Amino acid sequence: MNRVKILGLSAVLATAATLAGVTQLKAAQALIEVDESTFDCITDMTPVRGFFVDNLLGDLEATLAVANSETGGTWPTGSLVQLVPTEVMIKQPAGTSPETNDWEFFELEVSAEGSSIVTRGFTDVVNRFGGNCLDCHKLAEPQWDMICEQNHGCAPIPLSREMLVGIQQNDPRCNRPD
């Protein structure tokens, strides 16, 4: 009789493990697919107060509603936010990464040939200047959903508005007239 109980417990544990694996697999399948071709000329996206946005799932209207809100909000899944050509945030499905409010961070290498992903992730992406993306973005007040702008609670970046515009305008992926 003890053997039956042990086998029964093993079967329950095996079933639970299988269900957990299926749940993890479904969560992984729910991630928005991102590769080098996802990233293009920064200035081809929609400008909002000095940064650029898009929505990889086609819901640009919902992304812009939060981006333009004076009181903040939760950015919709698929939102892509970019201040400079080499750094990107993408909002993944709810529950993907509670620590980052489901934002996935990307560090890119960009050239006239396109983009390559140097690193990507949720809590451990470090930019070319040695800063961890999450360390800065988690300072944003909750209503801003980890988006750093002036007066959102984040530490200021050491670039003037003019410097940022110059960096954005010189994205090598953008087509420039001869």
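Q: Into which class does Arg120 fall, buried or partly exposed?
A: This is a predicted model, in which local features need pLDDT of at least 70, side-chain atom pairs count only at pLDDT 80 or more, and totals for chains, interfaces and linings use all residues. Residues are numbered from 1 along each chain as its sequence is written, and side-chain values use heavy atoms, with hydrogens and water left out. Buried means under 20% relative accessible area, exposed over 50%, and partly exposed in between (1.4 Å probe, protein chains only). Because Arg120 has 34% relative accessibility, its class is partly exposed.

Q: Which residue meets the side chain of Arg120 in a salt bridge?
A: A salt bridge is a side-chain nitrogen of Lys or Arg within 4 Å of a carboxyl oxygen of Asp or Glu. For Arg120, the N to O distance is 2.7 Å, and the partner is Glu104.

Q: How many residues separate Arg120 and Glu104?
A: Helices (H or I, at least four residues) and strands (E, at least two) are DSSP runs, numbered from the N terminus. The salt bridge of Arg120 and Glu104 links distant parts of the chain, with Arg120 in strand β6 (residues 114-121), Glu104 in strand β5 (residues 103-111), and a separation of 16 residues.

Q: Which residue forms a salt bridge with Arg173?
A: The search of the whole structure finds 6 salt bridges. Arg173 takes part in one of them, where the closest N and O atoms are 2.6 Å apart.

Q: Which cysteine is bonded to Cys41?
A: A disulfide is a covalent bond between the sulfur atoms of two cysteines. In this analysis, a disulfide is a pair of cysteine sulfur atoms within 2.5 Å. The sulfur of Cys41 lies 1.9 Å from that of its partner, Cys174.

Q: What is the handedness of the link between Cys148 and Cys154?
A: Cys148 and Cys154 form a disulfide with sulfur atoms 2.1 Å apart. The link of Cys41 and Cys174, with 90° about the S-S bond, is right-handed. With -75° about the S-S bond, the link of Cys148 and Cys154 is left-handed.

Q: What accessible area do the residues of the nonpolar patch with Leu83 have together?
A: Patches are made of residues with over 30% relative accessible area and no salt bridge, like charges being joined within 9 Å and nonpolar side chains (Val, Leu, Ile, Met, Phe, Trp, Tyr) within 5 Å. Accessible areas come from the Shrake-Rupley method with a 1.4 Å probe, and for residues only the protein chains shown count as cover. Leu83, in strand β3 (residues 79-84), counts as partly exposed because its relative accessibility is 31%. On the surface, Leu83, Ile157, Leu159, Met163 and Ile167 form a nonpolar patch whose accessible area together is about 380 Å².
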